[in-house]
Amino acid sequence: MLAPWLRCASPLTCPGCSPSCPAFLRGSRAAARSGFEAAEVAWPYAEDPEALARAAKDAGLRLVLINTPPGDQEKGEMGLGAIPGRQVAFREGLEQAVLYAKALGCPRVHLMAGRVPQGADRAAVREEMETVFLENLRHAAGVLAQENLVGLLEPINTRVTDPRYFLDTPQQAAAILQKVGRPNLQLQMDVFHWQIMDGNLTGNIREFLPIVGHVQVAQVPGRGEPSSPGELNFPYLFQLLEDQGYQGFVGCEYRPQGEGQRGDLGMLRALAGQAVHGPVSLSLGRNATPTPSCRRHRGGSELAPFLLGQAGPPTG
């Protein structure tokens, strides 16, 4: 059975670390102390990849997912994959992501689609943006295949989180993946976004799980930990994933409603409904303050923290 994410310690409360300790290393240590053995890193590009690899190794962590660079965030960019006129920048960012993925031993790269241009009508630009996205994804699939890497597409809800994000439903993402037709491109399922956009999680999980390469979880509507009050029955969802044969990681990308490490690995194990066996893994956000993700396998779950920045989880 699967288990959700957990918040470990903020940069200011991480025991045994000084304020000058690099955020990634600080978060990695906090996650490792909580028992996790793998991690996601949203955007690791401010740090030297070899230094990050050493920090992860020193903490005993595997890295399982990074995002492509977001673009110019001061101009409102949040990914470049589907943005007309930004194809060169997307491909440069992809090369950077591959460099980091190789250095970090990270097998998956989230290929961020990006936002509908400010002031544009979504319906009017949809066809052009999809054409650009398909072109970029075919290119990305070839580049990633050369390094034995997997590219992921994540729908992000446009009702609450990011009203202008181009890719916002599993149906849209699955249709694009079918058009590209490359086996090393898969779907990234964040149940928080899927529930907000469409509901019908049982039906959608059963339909789309065969093309899912990574799962993320948080409670709806507050994006709290799975044990917090909300719409989603996580014991049921974890059992559904188990019954459907999912074998990948589950990132618990939530904003903790409790304090610090309250309800950490033990809570996750309890919520999953069985003991966790095998290695645990960690996920790190842009500014590296921890929460968890998990991985399922026949012997039980593998859990991993996700390190978040002060502003909370990454948009996706």
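In which hand of crossing, left-handed or right-handed, does H2 pass H3?

Analyst: H2 passes H3 in a right-handed crossing, where a crossing counts as right-handed if the near helix is turned clockwise from the far one by less than a right angle, and as left-handed if anticlockwise. This is a predicted model, in which local features need pLDDT of at least 70 and side-chain atom pairs count only at pLDDT 80 or more, while totals for chains, interfaces and linings use all residues. Residues are numbered from 1 along each chain as its sequence is written, and side-chain values use heavy atoms, with hydrogens and water left out.

Helices here are DSSP runs of H or I with at least four residues, strands are runs of E with at least two, and both are numbered from the N terminus. The axes of H2 (residues 49-59) and H3 (residues 87-104) come within 9 Å and cross at roughly 30°; such axes are lines fitted to C-alpha atoms over the stretch in contact, with angles running from 0 to 180 degrees between N-to-C directions. On the H2 side, Pro49, Glu50, Leu52 and Ala53 meet Leu99, Tyr100, Ala103 and Leu104 of H3, contact meaning heavy atoms within 4.5 Å. The residues of this contact divide into seven nonpolar, no polar and one charged, with Ala, Val, Leu, Ile, Met, Phe, Trp, Tyr, Cys and Pro counted as nonpolar, Asp, Glu, Lys and Arg as charged, and the others, Gly among them, as polar.

The axes of H7 (residues 201-208) and H8 (residues 234-243) come within 11 Å and cross at roughly 20°. That makes H7 roughly parallel to H8, since angles under 35 degrees count as roughly parallel, over 145 as roughly antiparallel, 65 to 115 as roughly perpendicular and the rest as oblique. Here Leu201, Thr202, Ile205 and Arg206 in H7 meet Tyr236, Leu237, Leu240 and Leu241 in H8, a contact made of six nonpolar residues, one polar and one charged.

H4 (residues 122-146) and H5 pack at an angle of about 50°, with their axes 10 Å apart, and are therefore oblique to each other. Their crossing is right-handed, and the residues in contact include Phe133 and Leu137 in H4 and Gln172 and Ile176 in H5. Thr169 is found in the loop between strand S4 (150-153) and helix H5 (170-180), and a polar atom of the Thr169 side chain lies 3.0 Å from the backbone nitrogen of Gln172.

Key:
Polar contact = N/O pair within 3.5 Å; in protein donor to acceptor, adjacent residues only side chain to side chain.
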